[in-house]
Amino acid sequence: MSKWKCDACGTVHRRNPKKCRSCGNTVLSPYHGGDEGDRDWLRVGLAVLAALVAVSILFVALVVL
């Protein structure tokens, strides 16, 4: 999966946007570094939070019934 890096501020994007989400620059270059082992920690955290909420709802539903 190719990534794109802003030439002005260095923000890395997953897709090639028309402009950088951080600074608005329109010049982005293909980026190949740092792909191994990187995780999107925000998504991991949200997935864990969603799982905890689902388990909590299930637990409450079982206790009430």
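Two strands count as paired if DSSP finds at least two bridges between them. Strands (E, at least two residues) and helices (H or I, at least four) are DSSP runs, numbered from the N terminus. What you're looking at is a predicted model, where local features need pLDDT of at least 70, side-chain atom pairs count only at pLDDT 80 or more, and totals for chains, interfaces and linings use all residues. Residues are numbered from 1 along each chain as its sequence is written, and side-chain values use heavy atoms, with hydrogens and water left out.

- Let's start with the open sheet: it has 3 strands in the order 2-1-3, with antiparallel pairing.
- Strand 2 and strand 3 are the edge strands, since each pairs on one side only.
- Strand 1 (residues 3–6) and strand 3 (residues 28–31) run antiparallel and are joined by 4 bridges.
- Look for Lys-3, which stands opposite Tyr-31 in strand 3.
- As background, strands of a sheet pair through backbone hydrogen bonds, either parallel or antiparallel.

**The helix**

- Helix 1 covers residues 41–64, and Leu-46 lies in it.
- Its 24 residues should span 34 Å at 1.5 Å a residue, and the end C-alpha atoms are 35 Å apart, which agrees. (The expected span is 1.5 Å times one less than the number of residues.)
- Helix 1 lies largely in the open, because 0 of its 24 residues are buried. (Buried means under 20% relative accessible area, exposed over 50%, and partly exposed in between, with a 1.4 Å probe and protein chains only.)

**A nonpolar patch**

- Leu-42, Leu-46, Leu-49, Val-53 and Ile-57 make a nonpolar surface patch of about 510 Å².
- Patch residues have over 30% relative accessible area and no salt bridge; nonpolar side chains (Val, Leu, Ile, Met, Phe, Trp, Tyr) are joined within 5 Å, like charges within 9 Å.
- A salt bridge puts a side-chain nitrogen of Lys or Arg within 4 Å of a carboxyl oxygen of Asp or Glu.
- Accessible areas come from the Shrake-Rupley method with a 1.4 Å probe; for residues, only the protein chains shown count as cover.

**The cysteines**

- There are 0 disulfides in the structure (a disulfide is a pair of cysteine sulfur atoms within 2.5 Å).
- The sulfur of Cys-23 is 3.6 Å from the closest cysteine sulfur, in Cys-6, so it is too far for a bond.
- Cys-6 counts as buried at 3% relative accessibility, whereas Cys-23, at 42%, counts as partly exposed.
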